[in-house]
Amino acid sequence: FVPPSLCLVLLLVLTVATQETDGYLRFMQSANYFNYTVLGMGEEWRGGDVGRSIGGGQKVRLLKEAMEALTDQEDLVVLSVDSYDLIFAGGPEEILRKFQEANHKVLFAAEGLIWPDKRLQEKYPSVRSGKRFLNSGGVIGYAPYVNKIVEQWNLHENDDDQLFYTKIYLDTFQRETLNIGLDHKSQIFQNLNGAIDEVLLKFGTKSARVRNTIYDTLPVVIHGNANTKMYLNYLGNYIPNTWNYERGCGVCDHNMVDLSQLKEYPTVMVGVFIEQPTPFLSEFFQRLVTLDYPKDKLNVFVHNNEVYHERHIQKFWEESKDVFNSFKVVGPEENLSQGQARNMGMGLCRKDPGCDFYLSMDSDVMLTNRQTLKILIEQNRKIIGPLVTRHGKLWSNFWGALSLDGYYARSEDYIDIVQSKRVGVWNIPYMAHIYLIKGEVLRNQLKERNHFVLEKLDPDMALCRHARELGMFMYITNRREFGRIISTANFNTSHYNSDLWQIFENPVDWKEKYIHPNYTRIFTENYLEEPCPDVFWFPVFTERACDELVEEMEHYGSWSGGNHEDKRITGGYETVPTDDIHMKQIGYDKEWLHFIREFISPVTLKVFSGYYTKVCNDPTTVTSTIILHQLLYYINYYITSIILHQLLYYIIYYITSSIILQHLLYYYIYYITTSIILLHLLYYIIYYITSSIILHQLFYYIIYYITSTIILHHLLYYIIYYITSSIILHQLFYYINYSIT
């Protein structure tokens, strides 16, 4: 690369990458974005496990071999960096400019923690400001000087590269002769270890940058060394051009697969896991059957851990056994743990060379997008899941960050991703409920048979931990609406049709299953009939709802017998007896009253304008009534009485002394009327807070039969607006005395 302003200097990037891991592909993506020239790749790694202990000597040996051919190029600047845990945030010209401004022949990255030999700390030169210790993850220098350093290497492949460079730097003679320096303030290199709190994202119009807030610098090379890989993954969701506010996702369409261009669709093994009682299981299976994907390319494995669901499985098997390419069910009699069952499902795909993808689905996932499987395959990631959330909540199937002990922590962008304020394909540390894995990944990186059983971790946590340790990226996509996670909490399976009781816990799924699809047309298209005056016919329940209600009652079986004596009601006597079962008898009274309030009340309001339904025995209504009584008491005795008392005092004692008028005013104002303000308040409370029929009738009586007379309205008008006009009041009182009383 030849920058226009630095035409005499060339930059060559050298890295070591023995495999095309996800980290390496991300590194190259950022390098290609800035047009870096990168050399390195292809040799088997023998440099030890540098993630857990010392090692990395192989990198020095490879750099030494590369520099032998470059040592005479004095105008060549060499940048040697790691690749698996590194991202470029800026271009070559910026690096060269900052390197020349540093005024060193060789510049190493710096960090605040010393590694691997803490005994060398006192030998480091003191610094007034900045990071003090050398990090070998990044080094930049003129080729002849870099060569003079690496040509000293004569150790083993698994010896520590950072210790080798540290000893040379701490040698005062070599440090001064070779003019070696450290990037103390992260002008070029930003090591995240021990410095996560120092950095934040800075968004531009075309790209995003990492800003070091301590030194107010914009580092070019971001290195997720030590235990900061997950945070680097988070930053990698944005830098350099992955996502920003102006352009959205910049790489979501990279390396995608167009299924329409393939000769045949890939084969998918679908693993379905029913590990706890789950509502709406029949609907779950129906959505699986209606996925827009060739059924002869789908093999289905079902693990059912609940005896309650055996009848649902049996029905699904009878209806769909010939729909899919293969169908295998493992029931509760096998007594498999969750981890064992998931290992079995994944193993079926791993052992089959023709299995291209493995789709794992928990039974609490309701896929509303029939294209979900196609979308995930076309996104072409090793492990990817669709974003599904719990209705009305921030609960989802992924975590944006992990705590120090490996459990949930909320990332800065979690809420924006869940609410689709940021749309893209996101690298995340944990996912569950539903995900797609490539078959070749199962037969290579995840070839071990046990990935779901690990210490005391949940099966999905164990899988994700294995994937992270192997350096595999897991992605979640929210580029489309895919579906939701239903709540399995408080699911009581003691009923014959237990889904009927899910109106509170899973209202969306309850409505989809039990409310007629034409119900909303009542309000948009006036979709109802009036066979006779004030009698209306409209759709509300689906046939499935009607059937299940009938089944539930017949399953209960204790009918009243149609007698006048009925111990179920207050007084024990039914004037018009019917042979029935009360909703309360089957424990459905709260659900039924909620159904009336949510779906019947709006219809009655539409067809009987001005009449509001009160649902009795409803806690919210009882609460509203108590509040209403307290409010009315307060208004009558502490607000209105003060205003009216002052008014009466002024009129009676300063205008007239008539005993008749005193009693008349007292009678009208205190016992028949209230202030106009109170009337309006009553109207609001009764009509908009409560729907009490009794209060409605009382209100109607007070306003229209007592206070609606013209005389009374005029009386209030004159009292309020013409208090100081004694002549008018005298005439008015005269009229009242002789014409009314």
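Author: Gladly! Let's begin with a term: a cavity is a set of grid points where a 1.4 Å probe fits but cannot get out. Please keep in mind that this is a predicted model.

Reader: What is the idea behind using a probe?

Author: Rolling a probe the size of a water molecule over the atoms shows where empty space is left.

Reader: How many cavities of 30 Å³ or more does the structure hold?

Author: There is one cavity of 30 Å³ or more in the structure. The space in the largest cavity comes to about 80 Å³.

Reader: Which residues line the largest cavity?

Author: Look for M230, N233, Y234 and N237, then G400, S411, D413 and I417, and finally W426, N427, I428 and P429. At least two residues of this lining come from α7 (229-236), and at least two come from β23 (425-428). Sorted by class, the lining has six nonpolar residues, five polar ones and one charged.

Reader: Thank you. Now, how do I read a pair of packed helices?

Author: Two packed helices are described by the angle between their axes and the distance between the axes.

Reader: Which residues of α8 and α9 make the contact?

Author: From α8 come L281, S282, F285, L288 and V289, and from α9 come H312, I313, F316 and S320. This contact of α8 with α9 has six nonpolar residues, three polar and no charged.

Reader: Where could I look for an oblique pair?

Author: Turn to helix α2 (residues 57-67) and helix α4 (residues 143-150), whose axes come within 9 Å and cross at roughly 135 degrees. The two helices, α2 and α4, are therefore oblique to each other. The crossing of α2 past α4 is left-handed. On the α2 side you will find V60, L63, K64 and M67, which meet A143, V146, N147 and V150 of α4. Six nonpolar residues, one polar and one charged make up the contact of α2 with α4.

Reader: At what angle do α2 and helix α5 pack?

Author: The angle between α2 and helix α5 (residues 161-170) is about 65 degrees, and their axes are 7 Å apart. In this contact, G57, K59, V60 and L63 belong to α2, while D161, F164 and Y165 belong to α5. Here the classes are four nonpolar, one polar and two charged. If you compare the two lists for α2, you will see V60 and L63 in the contact with α4 and again in the contact with α5.

Reader: Let's finish with the backbone. Which peptide bonds are cis?

Author: The bond from W115 to P116 is cis, with omega near 0 degrees, and P116 sits in the loop between β5 (106-111) and β6 (133-142). The bond from I239 to P240 is also cis, with omega near -10 degrees. You can find P240 in the loop between α7 and β12 (243-244).

Reader: What is the value of phi at N179?

Author: Phi of N179 is near 55 degrees, a positive value in a residue other than glycine. N179 itself lies in the loop that runs between α6 (172-177) and β7 (180-183).

Note on methods: Residues are numbered from 1 along each chain as its sequence is written. This is a predicted model: local features need pLDDT of at least 70, side-chain atom pairs count only at pLDDT 80 or more; totals for chains, interfaces and linings use all residues. Side-chain values use heavy atoms; hydrogens and water are left out. Axes are lines fitted to C-alpha atoms, for helices over the stretch in contact, and angles run from 0 to 180 degrees between N-to-C directions. Helices (H or I, at least four residues) and strands (E, at least two) are DSSP runs, numbered from the N terminus. Angles under 35 degrees count as roughly parallel, over 145 as roughly antiparallel, 65 to 115 as roughly perpendicular and the rest as oblique. A crossing is left-handed if the near helix is turned anticlockwise from the far one by less than a right angle, and right-handed if clockwise. Contact means heavy atoms within 4.5 Å. Ala, Val, Leu, Ile, Met, Phe, Trp, Tyr, Cys and Pro count as nonpolar, Asp, Glu, Lys and Arg as charged, and the others, Gly among them, as polar. On a 1 Å grid over the protein atoms alone, a cavity is a set of points where a 1.4 Å probe fits but cannot get out, and a pocket is an open set with protein on both sides within 12 Å along at least five of seven lines; lining residues have an atom within 4 Å of a point. Grid points are joined across faces, edges and corners, and a volume is the space filled by probe spheres set on the points.
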